[in-house]
Amino acid sequence: MAAMARLQLLHLRAPVVKSSRVLYFPYSTNLSASRRRQFSGTPPLFCSYSSSESFPTSNGGSSASIVGDLLDFLNESWTQFHATAEAKRQLIAAGFHLLNENDEWDLKPGGRYFFTRNMSCLVAFAIGEKYSVGNGFHVIAAHTDSPCLKLKPKSASSKSNYLMVNVQTYGSGLWHTWFDRDLSVAGRVIVRASDGSFAHKLVKVKRPLLRVPTLAIHLNRTVNTDGFKPNLETHLVPLLATKPEEASSESKEKSTSSSKDAHHPLLMQILSDELGCNVDDIANIELNICDTQPGCLGGANSEFIFSGRLDNLASSYCALRALVDSCALPGDLSSEHAIRMIALFDNEEVGSDSFQGAGAPTMFQAMRRIVGSLSHQYVGESAFDRAIRQSFLVSADMAHGVHPNFMDKHEEHHRPEMRKGLVIKHNANQRYATSGITAFLFKEVAKIHNLPTQEFVVRNDMGCGSTIGPILASGVGIRTVDCGIAQLSMHSVREVCGTEDIDIAYKHFKAFYQTFSSIDRRLIVD
């Protein structure tokens, strides 16, 4: 599908001329005029395109865009496990060294390292060549999970001759958007090997397997006036297949026996086919229900991204790429005194209180180990505590862009828009961790690099969501700013954000790594 999409892109890189009007696609390359083509119809959607694509920006000039690579990342990362595995693959390809939390670490200035936890949480870091004990960490933190449906431990059920799959709701999703979608399953499986050991494997069934059908309006005449209010236990149960007829008492006996199984044999067979193993070798499964429609560009000028899981894989990928690209060349860490880091956590959508969530001390334990490994014969006082005092954390989570049909839901003077840069989030009651100092420092990075920013506060008559920012800020007392990319349809099965904002976020994060040290030392507060 990606190959077909890239072929489609070749026809979309030039302006589309129709009569006397020109529809301009802002993400064009330097194709010669002789190669430009005109179309009389609507250009097709595409799901990814070349990472070398050149994007004009609102502040002039052009630079390589990461939007195509983000689409590839989104389409690969159906679950938090797949997102972590893909980030791991990219870090290894970029020359980062994989660590194990169970081993002793031998770290060196100029080195680039990472580790995973539960294959759904990841911490990566690059040590400045001029690092000295007590210097700080510059961190961007995000999360890998999104609201979704998950299989119950015993998912097999049947109703009216349909095989059904029982699910749990994970997080605060817009569950009505999951009806009438082409759904499938993805996640991880524990497979028993012939020698008695166990293997941890990821699985993704790309074809549509499941659907949660809505009730026809003829049987629910008041749905458009009273609203669609499904019961999440009884109405949000996906169909897997029609129940096979039992032709004999023998098959009836088998059916009775198989009904005691936790999951439908048909589903288990599909999983075993994907994994290339026997059904009996599957020891355990942990699966999400996923929408099979790939992320793609949309809008008349291809200025939008339509995809699931933008919250918060868009932030995760911008952070990942910014770290990788900020230390890709041999001299990129030669003048760096700090340690650049990303921390991607699981379970943010349900409060972060887990082994792999931001509520666990994963990141701070890693920081302490890094300082200890680099201290060697250092005998000074409280190296780790001093490092935390000099550290700065960017909590990156998607932001609520103003909805043109519901503008009154936003505070009048704080209505984030697409194409206007990262949104800095404020809340006097500390639902966000931003302070006047941290907002200033983060905006100063943007100012130096001519990048736009905008502000958000929630209305006083509405509740305010939160992020991992306050959790991490209060963990050991690290300065934190909360920010995010403006989006619409947050927590829907299909969300919307702007392409230009992805590149602005990437540039802002990369600039943060490259210039924050010089900015921070010019401001003295205590």
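These are my notebook entries on what I looked up in this predicted model.

**Ground rules.** I number residues from 1 along each chain as its sequence is written, and my side-chain values use heavy atoms, with hydrogens and water left out.

**The chain as a whole.** I looked up the secondary structure and found 12 helices and 24 strands; helices (H or I, at least four residues) and strands (E, at least two) are DSSP runs, numbered from the N terminus. Of the 526 residues, 51% count as buried, where buried means under 20% relative accessible area, exposed means over 50%, and partly exposed lies in between, with a 1.4 Å probe and protein chains only. I then turned to contacts, which means heavy atoms within 4.5 Å. Among contacts between residues at least 6 apart in sequence, 76% join residues at least 24 apart.

**Helix α2.** I checked residues 67-76 and noted that this helix is mostly covered, with 7 of its 10 residues buried. The buried ones are Val 67, Gly 68, Asp 69, Leu 70, Leu 71, Phe 73 and Leu 74.

**Helix α8 and its surroundings.** Helix α8 takes in residues 362-375, and its 14 residues reach 20 Å from first C-alpha to last, close to the 20 Å expected at 1.5 Å a residue; the expected span is 1.5 Å times one less than the number of residues. Why do I call α8 largely enclosed by the rest of the structure? I do so because 10 of its 14 residues are buried, among them Met 363, Phe 364, Met 367, Ile 370 and Leu 374. Just after α8, His 376 takes a positive phi of about 55°.

**Helices α3 and α7.** I compared the axes of α3 (residues 80-93) and α7 (residues 310-326), which come within 11 Å and cross at roughly 15°. Axes are lines fitted to C-alpha atoms, for helices over the stretch in contact, and angles run from 0 to 180 degrees between N-to-C directions. The angle makes α3 roughly parallel to α7, because angles under 35 degrees count as roughly parallel, over 145 as roughly antiparallel, 65 to 115 as roughly perpendicular and the rest as oblique. From α3, the contact is made by Ala 83, Ala 87, Gln 90 and Leu 91, and from α7 by Leu 313, Tyr 317, Leu 320 and Val 324. By class, I noted 7 nonpolar, 1 polar and no charged residues; Ala, Val, Leu, Ile, Met, Phe, Trp, Tyr, Cys and Pro count as nonpolar, Asp, Glu, Lys and Arg as charged, and the others, Gly among them, as polar.

**Helices α10 and α12.** Next I looked at α10 (residues 436-448) and α12 (residues 499-520), which pack at an angle of about 110° with their axes 9 Å apart. That makes α10 roughly perpendicular to α12. Their contact includes Leu 441, Phe 442 and Val 445 of α10 and Phe 509, Phe 512 and Phe 516 of α12. The residues of this contact divide into 10 nonpolar, 2 polar and 2 charged.

Ser 518 and Val 445 are 73 residues apart in sequence and 9.9 Å apart in space, C-alpha to C-alpha.

**Backbone exceptions.** I kept in mind that most residues other than glycine have a negative phi, and that most peptide bonds are trans. Met 119, in the loop between β6 (112-117) and β7 (121-127), has a positive phi of about 50° although it is not a glycine, and at 16% relative accessibility Met 119 counts as buried. Arg 309, in the loop between β16 (304-307) and α7, has a positive phi of about 65° and is buried, with a relative accessible area of 17%. Finally, I found a cis peptide bond joining Asp 311 and Asn 312, with omega about 15°, and noted that Asn 312 lies in helix α7.

Definitions and conventions
Predicted model: local features only at pLDDT ≥ 70, side-chain atom pairs only at ≥ 80, totals over all residues.
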